[in-house]
Amino acid sequence: MAFDPEWVTGYVPPAPEWNGLWAGKADQSTTSMVVSNIATLIAATLTTLPQTTCSVLGYYLNGDGGEGLFAVGANASANGGTIINDASGRSWYRETGGVPYSVKWFGAKGDNSNNDYQGIT
């Protein structure tokens, strides 16, 4: 199932068919918060984002290839793409769905005008 940011309007129920952390943290009675980008997720606190699952609409901007579903897991070092640490010290894990990782998950833009070195190393 591909994440389609066009249908997101605020709170969305998690899809029960997702495997991994998403299915382990959410069920059909749980809601997930939607945040605009990775910077918002990094700035989140238990007060601003009390949920344990969230949908991120893009790394920088909505639909830029960095969008994804995240769930709180065991504390770990952030890697900027599949593990994001927020301001409360929680580690958010990206639900990859078994697909190959994208450099856009790590902040690469791929627009031939920005230096994507940080996003691919």
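## Contacts and overall fold

Of the contacts (heavy atoms within 4.5 Å) in the protein between residues at least 6 apart in sequence, 41% join residues at least 24 apart. The model is predicted: local features need pLDDT of at least 70, side-chain atom pairs count only at pLDDT 80 or more, and totals for chains, interfaces and linings use all residues. Residues are numbered from 1 along each chain as its sequence is written, and side-chain values use heavy atoms, with hydrogens and water left out.

The protein has 3 helices and 5 strands, where helices (H or I, at least four residues) and strands (E, at least two) are DSSP runs numbered from the N terminus. Their order along the sequence is α-β-α-β-β-β-β-α.

## Burial and surface

The protein has 121 residues, of which 40% are buried. Buried means under 20% relative accessible area, exposed over 50%, and partly exposed in between (1.4 Å probe, protein chains only).

## Asp-116

Asp-116 lies in the loop between strand 5 (91–94) and helix 3 (117–120).

The side chain of Asp-116 does reach the backbone nitrogen of Lys-109, at 2.7 Å. Leaving aside residues up to four places away in sequence, Asp-116 touches Gly-107, Ala-108, Lys-109, Gly-110 and Asp-111.

## Aromatic pairs

Rings of Phe, Tyr and Trp (its six-membered ring) pair if their centres lie within 6.5 Å; planes under 30 degrees apart count as stacked, over 60 as edge-to-face and the rest as tilted. By this rule there are 3 aromatic pairs. One of them, Tyr-59 with Tyr-60, is edge-to-face, at 4.8 Å centre to centre and 65° between the planes. Tyr-59 is buried at 14% relative accessible area, whereas Tyr-60 is partly exposed at 38%.

Tyr-101 and Phe-106 form a tilted pair, with 6.5 Å centre to centre and 35° between the planes. Tyr-101 is exposed at 55% relative accessibility, and Phe-106 is partly exposed at 22%. Ring pairs link Tyr-101, Trp-105 and Phe-106 into a cluster.

Key. A polar contact is a pair of N or O atoms within 3.5 Å; within protein, one must be able to donate a hydrogen and the other to accept it, and residues adjacent in sequence count only if both atoms are side-chain atoms.
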